[in-house]
Amino acid sequence: MFIFNSSIGKKFIQSVSGAFLILFLLLHGTINFFSVIDSFTHKWGIALADDKLFSAGDGLFKLGCDFMSTPVISIMVPVLALGFLVHILYGCWLTLKNIMARGGFNRYEVASKANTDSWAAKNMFVLGIVIFGFICFHLFHFWAHMQLPELVGIGVYENNPYVLLEFTFGRWYILLLYILWFAAIWFHLTHGFWSMFQTVGWNGTTWFKRVKVIGNIVVTVIVLVFVVVAVNAFLHANAII
């Protein structure tokens, strides 16, 4: 098929699946940022010990986690995650094909109007591997204690997400590793964002510059949200605030 055999088709698949990653991060980051709001409203750590969704008195972050358990979101999140998984696997497959075709390691080069000599452009595959590795690390800290016990009955379910935040980010070296992960995401997405729009045809001289600026702003905001959430949890865990 054209979409699988042509370079444009391959880039289109990566662009669309990459959009799933951005949407997933926007949703995930918004819910997580509720924990920061809870710090200012003195609702941090409040999670009533009952089995009902949207319990009166819960902190906003707990309500957000409950919202993620509703049927619509429970369907949407796996779809976004699947798109992200396709992005990773297809990117690995393209890179391996490129290595085999060139007879050695070399980045997947595409002629474009963009400055593909940037560090991020040269290291998209490496950044992707780093990001994927830390995703597994992240799933071990949160998903394994919240969704996994409910889905298959493995592990101990934790009803209070604030506990998981404090336990994970309370150690400075874990916080540092996460911040490095967020930095890798920033580099990966700042290149991927404008590349996505370039693939679908928004590569005119005027719009291309605007898309790059908008992309840098959007990605920076997303990453800063995650950094603030992690630092806020560290401060709470160590009784600094």
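The model is predicted: local features need pLDDT of at least 70, side-chain atom pairs count only at pLDDT 80 or more, and totals for chains, interfaces and linings use all residues. Residues are numbered from 1 along each chain as its sequence is written, and side-chain values use heavy atoms, with hydrogens and water left out.

**Stop 1: Lys62**

Select Lys62. At 2% relative accessibility, Lys62 counts as buried (under 20% relative accessible area; exposed is over 50%, partly exposed in between; 1.4 Å probe, protein chains only).

A salt bridge joins Lys62 and Asp66, with the closest N and O atoms 3.0 Å apart (a side-chain nitrogen of Lys or Arg within 4 Å of a carboxyl oxygen of Asp or Glu). Both residues sit in helix 3 (residues 60-67), 4 residues apart, about one turn of the helix. Helices here are DSSP runs of H or I, at least four residues, numbered from the N terminus. Asp66 is buried too, because its relative accessibility is 8%.

Asp58 is buried, as is Lys62. Together, Asp58, Lys62 and Asp66 form a network of salt bridges. The whole structure holds 2 salt bridges.

**Stop 2: helix 8**

Select residues 161-169, which make up helix 8. Colour Pro161, Tyr162, Leu164, Leu165, Thr168 and Phe169: these are buried. They lie on the same side of helix 8, because they cover an arc of only 160° around the axis (taken from the directions from the helix axis to the C-beta atoms).

Conventions: Helix = DSSP H or I, 4+ residues; strand = E, 2+ residues; numbered from the N terminus.
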